[in-house]
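Good morning, everyone, and thank you for making time for this.

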Amino acid sequence: MPEIKFYNHEPIPMEMHKVKIVQQLTLLPVDERVKRIKDAGYNTFQLHNGDIFMDMLTDSGVNAMSDNMQSAMLRADDAYAGSETFYRMQKKLEEIFGIHYLLPAHQGRACENILTERFVKPGNCVIMNYHFTTAKAHITRVGGRVEELVKQEGLEPKSDLPFKGDIDLEALEACIKKETPENVPFIRIESGTNLIGGQPVSYANMKAATDIAKKYGIITVMDASLLQDNLYFIKKREAGMEDKSIRELTRMIADLFDIIYFSGRKFGFARGGGILVRDEAMYHSMEDLVPMFEGFLTYGGMSVKEMEAMTVGFDESMDMDVISQGPQFVDYCVRKLDEYGVPVITPGGGLGAHLNAMEFCAHIPQQEYPAGALAAAMYIAGGIRGMERGTLSEERNADGSERFASMELLRLAFPRRVFTLSQTEYVIDRVEWLYDHRDLIGGLRFIHEPKTLRFFTGILEATSDWPEKLAEAYKAEFGADQ
Ligand code: F0G
């Protein structure tokens with residue numbers, strides 16, 4: 001995105017697209033919202049979309065498509081086997097990443113399932129910069145373990161470190177030696193590290209980490225779901241990278257890895273997924289898993305319409321004007337909140353703004369899920385749906401005790417090309433109001449707690465009548481109809 005200069009106005013990020021199709025939004029009155037969040041078990045995943053004003057749950061599968069993506073859908077070639085759509089998608093990915101073999105899958109976690117089935121055995125240790133919920137759940141499901149070696153500074157909520165997703169290289173080598181290389185089926189580097197605030201990994205760190213892996217003969221895997229944000233940050237923040245094109249950077253990164261997988265619900269602006277495999281024999285060793293779990297090898301459970309749209313979306317992800325908007329909006333939001341004194345993860349990353357619930361709700365003990373409580377409160381205070389990324393998103397230890405997350409975050413995601421700056425201003429305003437009334441937020445406890453991925457379907461209750469009290473304060477400020 002060229003940084004548009006202004007005459008009198010303070011600099012603001014500009015949308016480099018115009019709206020062609022819209023979806024009407026409704027803002028339910030606050031008392032109604034109190035009822036809806038209670039009915040949803042204080043779990044924002046359980047809310048109905050029609051009850052939400054600003055849906056900032058995720059940037060997954062809800063990004064706006066371009067006119068070119070939509071029109072590409074018309075030429076989708078439906079065939080059980082040998083769809084031309086698949087070959088177009090494969091060719092585009094090969095052009096961008098320089099890797100020929102593509103295993104299609106219906107979304108990112110399906111790729112994780114296939115990789116886990118193929119590589120992870122009981123007792124194995126998969127080393128990562130940081131886990132993603134579904135990646136970890138698959139590995140532990142088959143009896144594997146995850147070792148997260150993001151640099152300690154990456155976990156500091158407030159920072160001006162440009163690459164908080166970097167893996168600790170010394171710890172990586174020490175861990176390989178301790179585990180022995182035979183017990184490490186692969187090293188997974190997640191670009192745009194989701195759970196620590198969409199924080200990027202530098203090219204230099206990816207290069208050094210993959211060099212270590214190669215030294216010990218360990219397979220390297222990149223989770224490229226959030227690669228487009230990471231590419232933006234490498235170009236903007238990494239010394240020596242400013243003159244490289246996004247295509248050049250993508251190719252330099254891709255050249256480091258044996259396997260690259262992605263959620264097409266993020267990368268590609270559509271819905272799907274895929275695994276790129278460099279080595280032919282390695283590809284053949286996995287290909288039977290696609291028809292078993294996903295669908296035939298030329299659609300992998302995806303709609304061919306989505307595949308056509310995604311193929312255009314990959315190209316759009318190589319355009320700095322396109323990939324800048326998300327990080328610039330996040331940066332705008334994070335800076336304003338930080339100036340106001342709201343505890344927010346800095347610097348702004350990709351995918352969304354992240355409120356630090358550990359500090360925002362310092363009065364709520366971790367066993368009462370401060371980030372989950374903040375998510376419920378944010379919905380009451382403005383109809384804004386965010387996502388808990390904290391202890392609720394963890395799974396209990398084998399003995400049933402809580403595994404407390406190292407960070408308690410409320411993520412307010414910015415789906416790509418979806419919201420305007422005035423909507424962003426509304427969110428900033430309501431977060432500021434909630435921060436000034438944070439003492440009114442109370443804790444949550446489970447009524448129904450599923451064993452796996454409990455944050456999706458768990459049902460909770462408030463530990464007191466705090467939701468009603470928060471709504472009273474909100475009405476006194478904004479009136480009953482807001
Ligand atoms: N890897 C990363 C880094 C992700 O952020 C996600 C999904 C996945 C893998 C799994 O992909 O959803 O297509 O199965 N993240 C979503 C989110 C769910 O809201 O952050 P998927």
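Which residues does Ser-60 touch, not counting residues up to four places away in sequence? Before I answer, please note that this is a predicted model, in which local features need pLDDT of at least 70 and side-chain atom pairs count only at pLDDT 80 or more, while totals for chains, interfaces and linings use all residues. Residues are numbered from 1 along each chain as its sequence is written, and side-chain values use heavy atoms, with hydrogens and water left out.

With contact taken as heavy atoms within 4.5 Å, Ser-60 touches Arg-265 and Lys-266. The side chains of Ser-60 and Arg-265 are also joined by a polar contact of 3.1 Å, that is, a pair of N or O atoms within 3.5 Å, where within protein one must be able to donate a hydrogen and the other to accept it, and residues adjacent in sequence count only if both atoms are side-chain atoms. Ser-60 counts as buried because its relative accessibility is 18%, and buried means under 20% relative accessible area, with a 1.4 Å probe and protein chains only.

Turning to the ligand, an oxygen atom of the ligand is 2.6 Å from an N or O atom in the side chain of Arg-109. Taken alone, the ligand exposes 470 Å², of which the protein buries 96%, with areas from the Shrake-Rupley method and a 1.4 Å probe. A polar side-chain atom of Gln-107 lies 2.8 Å from a ligand oxygen atom, and for Gly-108 a backbone N or O atom lies 2.8 Å from an oxygen atom of the ligand.

Definitions and conventions:
Buried < 20%, exposed > 50% of the residue type's maximum accessible area, 1.4 Å probe, protein only.
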